[in-house]
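Please examine the structure shown here. The questions that follow concern the packing of its elements.

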Amino acid sequence: MSGNLPVQSVTADYAQRVADDLSANRSEQERVRTELARLQDELVRLEDSEQVLTKMQDVLGGMPKQTAKQRKGGKGAAVPAARGSNRKTAGKPAAAAGRKGPKKAVSPKKAGEPTWLELTTAYLGGQSEPRSAAEVAASLTEAHPERTVQVTVVRNSLEQGVAQGLLERSKQGRSVFYSPTAPASAASGS
C-alpha cells in the first residue's frame with residue numbers, strides 16, 4: 001500500500017497543477033478577450049476618423065492655397081507629391097477617391113461658376129430642415145444640369161462647410177444630415 005500512496009499523492013499534485021493552470025488559462029483568455037474588444041472598438045474609431053480625414057483631405061486637395069498656408073510656407077509643387085504619397089497609405093476610401101480624381105480634372109470649374117461649397121451652402125440655406133448628401137446632390141443635379149454632380153464631391157463639400165463652421169452635421173443612426181449653422185452662431189463666429 002505504501003507504493004500506492006506516493007502515486008496517489010503525485011496524481012493529486014498533478015491534478016491540482018492542471019486545475020490551477022486551467023484556471024489561469026481561462027483567466028488569461030478572459031483578459032485577452034477584454035483587451036481584444038477594447039482594441040476592436042479603438043480600431044472602429046480609428047477607421048471612422050480615417051474616413052473623415054480622407055474626405056477632408058480630398059476636399060482640401062482641391063484648394064492648394066489653403067493647403068500651402070497650413071504647411072507654413074510649403075511650395076505649391078510639394079502639395080501634389082504629398083497628396084499622392086498619403087493616398088497610397090490611407091486605405092480603400094482614399095484609393096477609391098484617387099480613381100475618381102481624373103474624372104474631376106476632365107471637367108474643371110469654369111470661371112465665374114460657384115464652387116461646390118457655395119452651391120451646397122446656398123441650397124441648404126433655403127431649406128427648413130436638414131438634408132442628406134444624397135438629397136443635396138439630387139437637388140443640385142436638377143438645379144445645375146450642365147454640371148456633373150457626384151455625391152462624393154457634394155459630401156466632401158458639405159464636410160468642408162462643417163469644418164469651416166458654415167454647416168452643422170447631425171447623425172440619426174447611420175445617416176448623416178447637414179443644415180446651415182444658426183445665424184447667431186455664424187455672426188458671432190465672424
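**Helix packing and burial**

The axes of helix α6 (residues 133-143) and helix α7 (residues 151-163) cross at roughly 115 degrees and come within 9 Å. This is a predicted model, in which local features need pLDDT of at least 70, side-chain atom pairs count only at pLDDT 80 or more, and totals for chains, interfaces and linings use all residues. Residues are numbered from 1 along each chain as its sequence is written, and side-chain values use heavy atoms, with hydrogens and water left out.

Q: How are α6 and α7 oriented to each other?
A: Their axes cross at roughly 115 degrees. Angles of 65 to 115 degrees count as roughly perpendicular. The two helices, α6 and α7, are therefore roughly perpendicular.

Q: Which residues of α7 meet α6?
A: Contact means heavy atoms within 4.5 Å. From α6, the residues involved are A133, A134, V136, A137 and L140. Their partners in α7 are V151, V154, R155 and L158.

Q: Is S132 buried or exposed?
A: S132 lies in the loop between α5 (116-125) and α6. Buried means under 20% relative accessible area and exposed over 50% (1.4 Å probe, protein chains only). Because its relative accessibility is 16%, S132 counts as buried.

Q: Which elements do the buried residues of α5 pack against?
A: In α5, the buried residues are W116, L117, L119, T120, Y123 and L124. They cover an arc of only 165 degrees around the axis, so they lie on the same side of α5. These buried residues pack against α6, α7, β1 (167-172) and β2 (175-180).

Key:
Axes fitted to C-alpha atoms, helices over the stretch in contact; angles between N-to-C directions. Helix = DSSP H or I, 4+ residues; strand = E, 2+ residues; numbered from the N terminus. Parallel < 35°, antiparallel > 145°, perpendicular 65-115°, else oblique. Arc of directions from axis to C-beta.
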